[in-house]
Amino acid sequence: MPAAAALTVLMTALSRYQAAGDVAGLAELAGRLQSEAPDSAPTAAAQFALGALQGNPPANLATNPDFEATEGAGGSEAGAGWQAEGAPPGWSTWQGGNSSGECLWLEEEGNRFVALQGVANGVFLQNIPVTPGRRYLLACSFRGSIGEGVRAQIHMAWRDAEGHWTAEDQRNGVSFPNGEFACWLRAGMIITAPESAASGVLMLTSADQVGDARIDCDDVLAVELP
Ligand SMILES: [Ca+2]
């Protein structure tokens, strides 16, 4: 199905599910369309699902999702190369060997957020316990400079009960659109935990940033859908 047609189908069907308050139906449809829909469709699906959840929102599984907490453990559960130093409580940072940019925790007008600046391959990440077969809605706010060729995402990868990467073909993310964004925008997606997964590794990623271009992220949401 062409991307535009998939999006039209998605929006129409999601409207019906939302009107019925059928969050499970929303998640099912979003999961089926995710592989063929454009980047904007996962965000639309997540927005519709959030709308249906209003009044009875599930708990946010992310630790320190708004980056406001300044006390507590420095990093999320460690993985190879994860850095806790300088990261907000609950979060770690990671950069690939080819990357020498900055993973920043900033404050502006009383609001704290994180930023990826000049990274060839940089990530803020944290571990989130998941149940195999359940669907999860991930979302975050973003703004900044996302030039052509830059790939920035909210992304989920999977680890098994021993902490090893698993189901690498079932990791997925939704890309932030390219452009210059002074205001906060929202991106989101719905994803199903693979059978072998004991935890998800929620990532805010950027790759191939040029110069000192910076992408900011805030207000992460990770909820298990009904
Ligand atoms: Ca914040």
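Gly 200 counts as buried because it has 24 C-beta neighbours inside 10 Å; a residue is buried if 20 or more other C-beta atoms, placed from the backbone, lie within 10 Å of its own. The model is predicted: local features need pLDDT of at least 70, side-chain atom pairs count only at pLDDT 80 or more, and totals for chains, interfaces and linings use all residues. Residues are numbered from 1 along each chain as its sequence is written.

Gly 200 lies in strand β10, residues 199–207. Strands are DSSP runs of E with at least two residues, helices are runs of H or I with at least four, and both are numbered from the N terminus. Beyond the neighbours within four places in sequence, Gly 200 is in contact with Ile 128, Val 130, Tyr 136, Met 156, Trp 158 and Ala 193. Contact requires C-beta atoms, placed from the backbone, to lie within 7 Å. His 155 is 45 residues from Gly 200 in sequence, and their C-alpha atoms are 9.7 Å apart.

The protein has three helices and eleven strands. Of its 226 residues, 42% count as buried. Among contacts with a separation of 6 or more, 71% join residues 24 or more positions apart.

Five strands form an open sheet in the order β2-β3-β11-β5-β9, with antiparallel pairing. Two strands pair if DSSP finds at least two bridges between them. The edge strands, β2 (102–108) and β9 (179–192), each pair on one side only. Within this sheet, β5 (residues 135–146) and β11 (residues 214–224) run antiparallel and are joined by eight bridges. Arg 143 has Asp 216 of β11 as its bridge partner.

Notes:
A residue is buried if 20 or more other C-beta atoms lie within 10 Å of its own, exposed if 12 or fewer, and partly exposed in between; C-beta atoms are placed from the backbone. Two residues are in contact if their C-beta atoms, placed from the backbone, lie within 7 Å.
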